[in-house]
Amino acid sequence: MAGGFIATGISRLDINPYPFSTECLRGDVKAGSATSFPEALGLAAAFSTDLIFRVARATGLEVRAKNNNYTKHGSYEFHQGLSCFSPVINIMRDARWGRNEETYGEDPYLSGEYVTAFVKGLQGDNPRYLLTNAGCKHFDAYAGPENIPISRHVFNAQVSERDWRTTFLPAFRSCVKAGTYSLMCSYNSINGIPACANKELLTDILRREWGFQGYVVSDQGAIENVVYQHMFVNTTVDTVAACVNAGCNLEIPEHGVIPVYDHLVEAVNQGKLTKQKVVEMVKPLFYTRMRLGEFDPDDMNPYKSLNVSIVQSPDHRNLTLEAAMKSFVLLKNDNNFLPLQRTLYSRMSVIGPMADNPNGQNGNYAPTLDEKFTTTPLQGLRPLARNVLYANGCLDDNRCTRYDNNSIKQAVANTDIVFVCLGLGNDLEKENNDRSNISFPGYQLQILQDAVRFSPSNTPIVLILLNAGPLDLRWPVNETKVVSILEIFYPSQATGVALRNVLTMTGLHSVPTGRLPFTWPLSEDQIPPMVNYSMEGRTYRYLNSEPLFPFGYGLSYTSFAYSDLEYTNSIPAGNNVSGSVQVRNMGSNGADEVIQIYIRWFNSSVPTPKIQLAYFSRVFIPQQASSIVQFTIKAHSMAVWMSNIGWVIQAGTYGLYVGGQQPNQKTSVGSNVLSGQFVVQESLILGKY
């Protein structure tokens, strides 16, 4: 129960220290060499639970292998343990939030499917031992602000019951159902009560409704916030009593600060905590360590045989390359300019602050950069031309407050093709760093505009974006010389090779099939104030206007046609809807297609989303071939939230939409969307969960 990153050892019981503090979002962070996988939001764009499972498993294997090495040498330092503060399953509800990159996007269903695969991949499948233990965060209603217009440490998210239950909580329940051993409570208050002292959240919902039996750990410094920032209680003794009684098992304090939980004995002596409660809260901490195999002989635990040779292994490097290629989203491709028809240019220009920026392409919460295995866009694209002209354009960092326009003019003059690499990176978006708007920072848009202006009139320009939160793309979308726009997020170590492969359609997975896991706003006018936690007008589920690019959008190097939709059109409440659809690849390139199935409530008695993703699948279909895709819409996807009752599947008519995108999109990928209806007979109360 004592606070701190590292639980002290108990020598009389021969128990070693244990660090409850490892970051495993997409590779082992801050603990030496590790394979660096693409940022979480990019992985979400792949729409592949198989991919996120394999990334999580590879991450878990490296974390375990390194922990074996550390403990062998008696080292129990920060980030050297097996208890992961991952994944991040908060909802991306505002383009300006600094931590969008760590999430799986804006949809609760997509996030729920991803967290299920991630937890199972990270924790392993041994019946006795955990590979590592997952820790889903940040629980809950934590989705900005970080620092604009107010600090996260004092922010009170005012959330309606309906939004809380239907948007912010569902992915965490999926995490619990997947078997996580830990959750992390967040910095903010929820309707006036700090998350780490919120009994309704940590006990009533998490443990009583969902049956969670693991432990809750605070975000770093969140327990101090309860008394010093939120001023919810008056003393540290009252704080530890409030948080432990609410259901927070473990405190992670700020560095160098005396943990609030050090006052636990005092709280017991004052009658504000019972010894029984303390024992109850300690049990999951030691049970988790037992499941990790800490107290058993090494030869009993198969994971103890892993060694550091697995770190940056060829298999893991190939996986991060595959993951990067599957995450790229093609936003614009006029006249099918991509893939490149030429594989060798005479003169090629690669410009912009993200063209040769290894740290920038990594994003936040990334493993330590290993230059041996890292390629930037500039390095990846060099083999495509005899002469490569490079210019950063920004004289400082990605904020680009000082601009060297002469270098851009010289780089794009008399060139055959221009690749403009723009974006954000840790300079502009990360933990504790929101953006005040979605404009290109500083002179970045000017770099693109000057490339258009000063390059030859017949020179095509390809815009490469490295970012998480959307940018204002109205100018490049409407500019005819900008023939293609490719969103690649933060692909990490394999960036350059992955980019070259996709641009030239070289090798497996080289046809871009990423889909946006969020809605890309047309302009900032479509974004409500950051502090407004109503979901009205946010995400595809509640948007009241046309976005620039819709959730689920992404172009391909081929086209698909949907036909022969068959499904159960009438079911008793509580049954799934099963069906099939034929998908044909109409083009000359074999490629993956992301099948998306949405439902709509036609006659619910309570407010519902306008439309809801209820199934997705990523399927490879050879050129000029067809595939029959089987699908299942789970009964709980049809449920609506009713106050005082809980989740209810209501009798009535539901809409069904099957295709490679949402139905009725103004900005379309070009393929058709099939539609139908099904009827749910009677109603079924599922209750509160």
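This report describes selected helices, loops and backbone features of the structure shown above.

The model is predicted, so that local features need pLDDT of at least 70 and side-chain atom pairs count only at pLDDT 80 or more, while totals for chains, interfaces and linings use all residues. Residues are numbered from 1 along each chain as its sequence is written, and side-chain values use heavy atoms, with hydrogens and water left out.

Helices (H or I, at least four residues) and strands (E, at least two) are DSSP runs, numbered from the N terminus. Helix α2 covers residues 49-72. The expected span of a helix is 1.5 Å times one less than its number of residues. For the 24 residues of α2 this gives 34 Å, which agrees with the 34 Å between its end C-alpha atoms. Of these 24 residues, 17 are buried, and α2 is thus mostly covered. The term buried means under 20% relative accessible area, exposed means over 50%, and partly exposed lies in between (1.4 Å probe, protein chains only). Gly 74, which follows α2, has a positive phi near 70°.

The axes of α2 and α3 come within 7 Å and cross at roughly 30°. Axes here are lines fitted to C-alpha atoms, for helices over the stretch in contact, and angles run from 0 to 180 degrees between N-to-C directions. The two helices α2 and α3 are therefore roughly parallel to each other. In this scheme, angles under 35 degrees count as roughly parallel, over 145 as roughly antiparallel, 65 to 115 as roughly perpendicular and the rest as oblique. The crossing of α2 and α3 is right-handed. A crossing is right-handed if the near helix is turned clockwise from the far one by less than a right angle, and left-handed if anticlockwise. The residues that make the contact include Ile 52, Phe 53 and Ala 56 of α2, and Tyr 114, Ala 117 and Phe 118 of α3. Contact means heavy atoms within 4.5 Å. By class, the contact of α2 with α3 has 7 nonpolar, 4 polar and 3 charged residues. Ala, Val, Leu, Ile, Met, Phe, Trp, Tyr, Cys and Pro count as nonpolar, Asp, Glu, Lys and Arg as charged, and the others, Gly among them, as polar.

**Helix α17 and its partner α11**

Helix α17 (residues 495-504) packs against helix α11 (residues 314-327) at an angle of about 50°, with the axes 9 Å apart. The helices α11 and α17 are therefore oblique to each other, and their crossing is right-handed. From α11, Leu 321, Ala 324 and Met 325 meet Val 497, Ala 498, Asn 501 and Val 502 of α17. The residues of this contact divide into 6 nonpolar, 1 polar and no charged.

Because 8 of the 10 residues of α17 are buried, this helix is largely enclosed by the rest of the structure. Among the buried residues are Leu 499, Asn 501 and Val 502. The elements that cover them include α11, α12 (358-362), β12 (417-423) and β13 (461-466). Just after α17, Met 505 takes a positive phi of about 50°.

**Individual positions**

Asn 100 is placed in the loop between α2 and α3 (108-123). With a relative accessible area of 0%, Asn 100 is buried. Apart from residues up to four places away in sequence, Asn 100 touches Leu 41, Met 92, Asp 94, Ala 95, Ala 468 and Gly 469.

Glu 161 lies in helix α4 (residues 161-168) and is partly exposed, with a relative accessible area of 34%. Leaving aside neighbours within four places in sequence, Glu 161 is in contact with Trp 641 and Ser 643.

Most residues other than glycine have a negative phi, and most peptide bonds are trans. The table lists exceptions.

| Residue or bond | Backbone value | Loop |
|---|---|---|
| Gly 144 to Pro 145 | cis, omega near 5° | Pro 145: between β3 (135-139) and β4 (156-157) |
| Leu 338 to Pro 339 | cis, omega about 5° | Pro 339: between β9 (329-333) and β10 (345-351) |

Cys 400 counts as buried at 0% relative accessibility, whereas Gln 624 is partly exposed, with a relative accessible area of 45%.
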